[in-house]
Each structure stands twice: as C-alpha cells, then as structure tokens.
Amino acid sequence: MALPTLSKADLIALSETDVTQPIPKESIFAALATPPFLYIPGTFNTRDLGLLPLSSSSSSGKGRKVGIRPGLIYRSGGFFPNGGFNDAAKTQLAKQLGIKKIFDIRSVREHSHAPDPEIAGVKNYWIAAEATEKEATVNLADFLEGKGERGYVKMYMDVLRGYEEVIGALLRSLLDAPENQKPEPILFHCTAGRDRTGVVAGLLLSLAGVSEEDVEMDWMLSRIGTELAREQLLGFAMKGAGARSVESPGFENLVSLKRECWRAFVREVKRVYGGWEGYVRGVLGLSEGEVERIGRVLRGE
C-alpha cells in the first residue's frame, strides 16, 4: 500500500519544524514519499533536484524552460553500509536512476574514514583540495546573534572557497556530452547532505533559472531529509562545534535551518561575486558561453 504524499504547502510547513523537536512519524514518512525525495537504503536526504516543486516565481515569462530536468541531478547525504547501503541500493543508483558519476564534497578525514563505495558503471570523484586538508571548525560565537546569519554566511562562503575544485569538476562534467546528446545523470553529497550539498544545490538550481524563493525551499527541505538521522547529526554537530550540550549558546542557531540565514548567504554571494554566475566565472574559471550551455543542459534544452 502506497504511502500518502504531501502538498508543497505541507512540505514547507514541515520544513519549519524546530530541529530540537522530532517530526511525527506519520508526517515524516509521508514527506519522504513525496517528490523530490527518494528512498535509497543506507543514505538519507536523497532528492531529485528536477522534481523540486516550483512556484510561479520561477517562470521566466519568456516561454523559456526553468528548473532542472528530472532524472539528471541528484543530491544526498553520505552512504552507510552499516545502515543498509547494500547491493540493492547500488543497483538502484546505477540501474534505476542511471547515475554515472558521484561527486564527494567532504573533507580528507571524512573521505578517508568512509570512502564512497565502488559501484559498477559509476565513477567516483573526490578532490583533496588544499583548503579541505584542515578540518572545518565552527565557532559558536559566530552564531550567537539573531538567527545565526553571520555564522552561516561565514560557513557557506568557506564552502565556495574550500571546495571550488570539486564544484568546478561537477559543473564541467555537464559539458562532457555533445550538445545533441543527453548528459549523464550525476549525484553529489557530503555527510549530512545539508550544508555543503545545499550550497552546491543552490548554485545548480540558480544556474537553471530557478527563483530565489524556490532555491530557498530546496535548502529548507533538508530539515525533513535529515530527520531520520537527526539525533546522530546533532551529536556530530556538538562534537564539531565543541558544544557541551544542545543548550550551549549559539548551538541551536547552528543546527537550525532558518530562511534568514540562507538569504544572508545569497546576499553575500551577490556582494562578493556579483551572484552565482559571477562565482562560476570568476572563481571556477568557466566562460560565459560555458555557463550558458550549463544552464541549457540543466534545463534539458
């Protein structure tokens, strides 16, 4: 018997659940059965970016497609063999979804502790960039004011600078196929599939012409996607931030997802780079023509 699915409004409301409170089981299972979410054993927060429900604000108004073509770009958390990522899950990724490339957006320590599994027909990409040799440190003092906007801006701008090589490789992979052929589906992930993955998802959706409102929704959906691993991720965050408890000042802002924090980050991207395209051209070194072609590939034009 199929699980009931939720409306876009229901997903948005659920994504605003306080991270210190569990989402009711009946709600979370219905949400995870609703696109853009996908169920793959042994991972979590898995989504098809092409199935993100778009609002009227994402309409180009010129008859041009906006949004990512379904079945092309997937995002997720890490892969956990002890959590059920088995041969059936590998088959689902490679055969059912047709994924050909997996991009790992994790640090040296994370990757060495749990490298991505070998899957027949799938190529793994991980780049030990110099900036990721140092473990990312989070200063809870940056998250004390407001809803933690300053901390999120710093953390996410560090993602753009520290993981630029693998982000660039991901974008360039979309240019591999000849213009008259469909590109190969790809998946990208970090550990929780929330912060680093969320930044890259925001970049890709923006290049595909998706509105800031809908990009923000994709980021917020990680509150739902990480629910089944919520307790473990809270513990992971406490260790990484050196917090003694969930009551430590700044910690709740660090682990929460608040729209104001994503908006502050987007404003900083505009201030520093002139926007997402400015980052892609100025930092990653892609040409204007390549950026335009990536947009067409993402939209399926």
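Me: How far apart do the end C-alpha atoms of residues 165-234 lie?
Reply: The span is 57% helix and 6% strand; helices (H or I, at least four residues) and strands (E, at least two) are DSSP runs, numbered from the N terminus. The model is predicted: local features need pLDDT of at least 70, side-chain atom pairs count only at pLDDT 80 or more, and totals for chains, interfaces and linings use all residues. Residues are numbered from 1 along each chain as its sequence is written, and side-chain values use heavy atoms, leaving out hydrogens and water. The end C-alpha atoms of residues 165-234 lie apart by 29 Å.

Me: Which residue forms a salt bridge with D218?
Reply: A salt bridge is a side-chain nitrogen of Lys or Arg within 4 Å of a carboxyl oxygen of Asp or Glu. The closest N and O atoms of this pair are 3.0 Å apart. D218 lies in helix α8 and its partner in strand β1 (residues 47-48), so the pair ties together parts 171 residues apart in sequence. The partner is R47.

Me: Is D214 buried or exposed?
Reply: D214 meets K8 in a salt bridge (3.5 Å, N to O). The cut-offs are under 20% relative accessible area for buried, over 50% for exposed and in between for partly exposed (1.4 Å probe, protein chains only). K8, at 24%, is partly exposed. With a relative accessible area of 1%, D214 is buried.

Me: How many salt bridges does a search of the whole structure find?
Reply: One of them joins R230 and E227, both buried. Salt bridges that share partners also link E16, E216, R259 and R263 into one network. The search of the whole structure finds 22.
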